[in-house]
Amino acid sequence: MRLASFTLDGVRRAGAVDEPEQTVTLLPGTVDDIVRGGAEALDAARAARGATLELSRVRLESPLHRFRRDILCTGWNYLDHFEESRGKREGQDPASLPEHPAFFTKGPDTVIGPYDAIAYDPGLSAQWDYEAEIALVIGRDGRSIPEEKALDHVFGYLVANDVSQRDLQRAHGGQWLKGKSIDATMPLGPWLTTADEIDDVTALRVQCEVNGRLLQNATSGQMAFPFARIIAELSHGMTLRAGDVVLTGTPSGIGNAREPQIFLEDGDLVVTRVSGLGELRNTVTRTRLT
């Protein structure tokens, strides 16, 4: 099931997207309600028979809007990405490959919809970088979740782009929060695909194009730490809640590691796609943030 969010007659609604037919069927409540309502809420959504609209008649928003905490993120999770940035982290390279996932968070005010403008303020940063990622959404609370049971806690998957400001990332002690938390910079969507729709979580192709040029292209099978390992380690002694969003890392091809470097500018079209999960299309747009 593909769960989308949009506003209709001034009310935020959930809808089930039929991608081949390009239609959306209205569902009761919101996507947040369905995710947090557990199996019963999902079963009710599947049984719902609301009005059906042409997908072109609605503007899709971020599937989730009510966040209990920051977006949870995984760094350095594709080895080729780790290696491409070696020596380019301005003295902040780790001594060796990490033995455990690297985690950080980004503020929920970063989240925008799948077709919204990515805010861009060159007075704030001169190094706006793209990072195509697969995001997963927790569907069941859990703490210290065993790796072999971790995927049972995943409600579904969606597409994200962890747009980052590299100079801010380096300027604050090497920690990533500041350079990852600028308002209105992380597109998320276009819908939330439930876990049962994914046949092979290791075969999802992640791509990012900027102005039609393919800059990132990899599969989830290239991850250093697969989804289950991320959940198991992140939840070790720490409760994950239904509705939590977890980003799972970006592959190689980022602008900061290229020679010459490529950074986003006003007017750039960023297309982020994951096979089976949909596509984001966002234009970088000059916005006053300071």
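The second largest pocket is lined by 13 residues, of which Leu42, Asp152, Val154, Phe155 and Ala195 lie nearest its centre. The model is predicted: local features need pLDDT of at least 70, side-chain atom pairs count only at pLDDT 80 or more, and totals for chains, interfaces and linings use all residues. Residues are numbered from 1 along each chain as its sequence is written, and side-chain values use heavy atoms, with hydrogens and water left out.

**The second largest pocket**

- About 170 Å³ of space lies in this pocket; a volume here is the space filled by probe spheres set on grid points that are joined across faces, edges and corners.
- The elements that give two or more residues to its lining are α2 and β11.
- Helix α2 gives the most to the lining, with four residues.
- A pocket is found on a 1 Å grid over the protein atoms alone, as an open set of points where a 1.4 Å probe fits, with protein on both sides within 12 Å along at least five of seven lines; lining residues have an atom within 4 Å of a point.

**Helix α2**

- Helix α2 covers residues 38–47, and Ala41, Leu42 and Ala45 in it are buried. (Buried means under 20% relative accessible area, exposed over 50%, and partly exposed in between, with a 1.4 Å probe and protein chains only.)
- An α-helix has 3.6 residues a turn, so residues three or four places apart point the same way.
- Ala39, Glu40 and Ala47, on the other side of α2, are exposed.
- The cover over the buried residues of α2 includes β3, α1 (31–36), β11 (154–161) and β13 (186–194).
- Helices (H or I, at least four residues) and strands (E, at least two) are DSSP runs, numbered from the N terminus.

**Strand β3**

- Five of the five residues of β3 (residues 23–27) are buried, so the strand is largely enclosed by the rest of the structure.
- Thr23, Thr25 and Leu27 lie on one side of β3 and Val24 and Leu26 on the other, and both faces are covered.
- Strand β2 (residues 11–18) runs antiparallel to β3 and is joined to it by five bridges; two strands pair if DSSP finds at least two bridges between them.
- Leu27 in β3 is the bridge partner of Ala14.
- The hairpin of β2 and β3 has four residues between the strands, and Gln22 takes a positive phi near 55° there.
- Strand β4 (residues 52–54) also runs antiparallel to β3, with three bridges, and Thr52 in β4 is the bridge partner of Thr25.

**Helix α5 and Phe227**

- Six of the eight residues of α5 (residues 227–234) are buried, so this helix is largely enclosed by the rest of the structure.
- The buried residues of α5 are Phe227, Ala228, Ile230, Ile231, Ala232 and Leu234.
- Phe227 counts as buried at 3% relative accessibility.
- Leaving aside neighbours within four places in sequence, the residues in contact with Phe227 (heavy atoms within 4.5 Å) include Ile134, Leu136, Tyr157 and Thr248.

**Glu209**

- Glu209 is found in strand β14 (residues 205–210).
- The side chains of Glu209 and Arg273 make a polar contact (3.1 Å). Such a contact is a pair of N or O atoms within 3.5 Å; within protein, one must be able to donate a hydrogen and the other to accept it, and residues adjacent in sequence count only if both atoms are side-chain atoms.
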